[in-house]
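Here are my notes from a read through this one, in numbered points. Have the model open while you go through them.

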Amino acid sequence: MRESEESSIMLGTNKLAIWAMTGLLAVTTVFFNLYIFLMSLWHYKQNKRWTASETIITALSMANGAHQLLCYFWMTMDEVDGECRLSQTAYSVMLLLMFSLKFAIMWTSGFLTFYYSTKLVATPNRCYTKIRAAILKHVNVIILLIPVCGLATCMPMLAVLHHDNNIAGKDCGIMIPDTIPGQVYEALYLVIADVLPGLLMIKCCLSISVHLAIHLHNMKASANGLAHGPKLGAQMRVIRMTLSLVFAFLCFVVVDLYVHYEIAVNHESAIALTFFFTSVYTTVSAMVLVYGKKTLWKALIHGYNVWLDGYPCLSCLKVKTVQPPEKIES
């Protein structure tokens with residue numbers, strides 16, 4: 001009995017720490033994603049149109065921000081309502097929406113890397129080129145379909161997963177796959193929501209890496225074997241952004257799969273961990289997107305330097321701006 005009480009206290013302490021750390025991440029996530037969204041709206045007001053990349057990035061920022069706010073609200077309610085007096089259905093619906101938004105984030109991130117790989121890498125395969133062109137022609141439709149597919153994929157949770165928050169210290173509204181259909185659904189969800197977009201991003205990452213390697217090889221050959229840094233202009237910014245996004249995504253997927261394994265197999269109350277690491281990913285991805293989109297990065301640095309102008313003692317913290325040649329649409 002004493003061990004059970006100590007375990008419950010330890011679990012409550014860990015949940016409180018995760019809630020506090022998620023709150024800090026929430027501030028950063030909401031700031032960067034709100035910045036992306038507002039700047040995109042401002043550019044649309046100026047140009048009366050959105051480019052394909054702006055459409056995808058804006059959709060990703062909206063999904064990131066919505067997931068972070070809903071996630072932190074659920075975690076706050078889970079802390080405040082320690083005895084889970086609120087309806088199970090309310091908590092379950094919140095969890096379903098969060099998983100749906102996570103699905104949208106994963107696939108929109110994959111679609112973004114696919115878009116940039118098409119801008120950077122040319123392929124001699126005509127059929128593949130036509131397929132890519134057809135996909136990119138309907139960017140708006142795909143961006144709308146992704147969250148709809150996410151919601152449709154997550155709806156079965158309410159039917160095949162079992163509510164399990166009767167044990168002290170359990171998260172409110174948590175749904176456990178304790179039957180064969182539930183376990184099969186859990187595995188399918190992880191494959192569709194994590195593994196498949198991960199494979200897409202890895203494929204795009206490899207294509208971009210091969211493109212960069214070929215470019216460096218050609219540069220070395222043209223310079224008679226003298227090695228020097230790649231001079232790709234704006235392409236290099238997009239390459240760094242895409243590879244960083246893929247690396248962050250893969251780190252997140254590994255942790256997410258492990259946490260879901262603990263929940264499904266060992267019935268551990270670790271759902272807060274997956275939301276915490278999703279928050280880490282949305283924060284990192286938002287920062288990477290701001291850097292990768294040159295117009296956003298320049299505006300952010302300009303605003304930061306203007307803010308420092310009001311504090312002469314901090315002038316040493318100013319960031320120097322460089323004007324690289326624009327090669328591709330980023």
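1. A definition before the cavity count: on a 1 Å grid over the protein atoms alone, a cavity is a set of points where a 1.4 Å probe fits but cannot get out. By that rule the protein has 3 cavities of 30 Å³ or more. Keep in mind throughout that this is a predicted model.

2. Now the largest cavity. It holds about 120 Å³ of space, and 11 residues line it. Which of them lie nearest its centre? Those are F99, L161, M175, E186 and I271. By type, the lining splits into 9 nonpolar residues, 1 polar and 1 charged. Helices α3, α7 and α8 each put at least two residues into the lining.

3. Stepping back to the overall layout, the protein has 10 helices and 2 strands.

4. Some totals for the protein. There are 330 residues, and 44% of them count as buried. The accessible surface comes to about 17,200 Å², with 69% of that belonging to carbon and sulfur atoms. If you take contacts between residues at least 6 apart in sequence, 77% of them join residues at least 24 apart.

5. The largest nonpolar core is worth a look. It has 41 residues, and those with the most contacts inside it are I56, L112, Y116, Y281 and L289. Seven helices each supply at least two residues of this core: α1 (2–47), α2 (52–80), α3 (88–120), α5 (139–154), α7 (180–222), α8 (234–266) and α9 (271–292). Which helix gives the largest share? That is α8, with 10 residues.

6. Click on Y281 next, one of the residues with the most contacts inside that core. Leaving out residues up to four places away in sequence, Y281 touches I105, M106, S109, L245, A248, F249 and F252. There is also a second, separate core, with 29 residues, and C84, L96, M175 and L190 are among them. M175 turns up again in the lining of the largest cavity, as one of the residues nearest its centre.

7. I36 sits in helix α1. Is I36 buried or exposed? It counts as buried, because its relative accessibility is 0% and the cut-off is under 20%. I36 and L289 are 253 residues apart in sequence, yet their C-alpha atoms are 8.4 Å apart in space. L289 is also on the list of residues with the most contacts inside the largest core.

8. T55 lies in helix α2. With a relative accessible area of 12%, T55 is buried. What does T55 touch once residues up to four places away in sequence are set aside? The list is W50, V139, N140 and I143.

9. Last stop, C205, which has its place in helix α7. At 18% relative accessible area C205 still counts as buried, because the limit is under 20%. Leaving aside neighbours within four places in sequence, C205 is in contact with L243 and V246.

Terms used. Residues are numbered from 1 along each chain as its sequence is written. This is a predicted model: local features need pLDDT of at least 70, side-chain atom pairs count only at pLDDT 80 or more; totals for chains, interfaces and linings use all residues. Side-chain values use heavy atoms; hydrogens and water are left out. A nonpolar core is a set of buried Ala, Val, Leu, Ile, Met, Phe, Trp, Tyr and Cys residues joined through side-chain atoms within 4.5 Å. Buried means under 20% relative accessible area, exposed over 50%, partly exposed in between (1.4 Å probe, protein chains only). Helices (H or I, at least four residues) and strands (E, at least two) are DSSP runs, numbered from the N terminus. Contact means heavy atoms within 4.5 Å. On a 1 Å grid over the protein atoms alone, a cavity is a set of points where a 1.4 Å probe fits but cannot get out, and a pocket is an open set with protein on both sides within 12 Å along at least five of seven lines; lining residues have an atom within 4 Å of a point. Grid points are joined across faces, edges and corners, and a volume is the space filled by probe spheres set on the points. Ala, Val, Leu, Ile, Met, Phe, Trp, Tyr, Cys and Pro count as nonpolar, Asp, Glu, Lys and Arg as charged, and the others, Gly among them, as polar. Accessible areas come from the Shrake-Rupley method with a 1.4 Å probe; for residues, only the protein chains shown count as cover.
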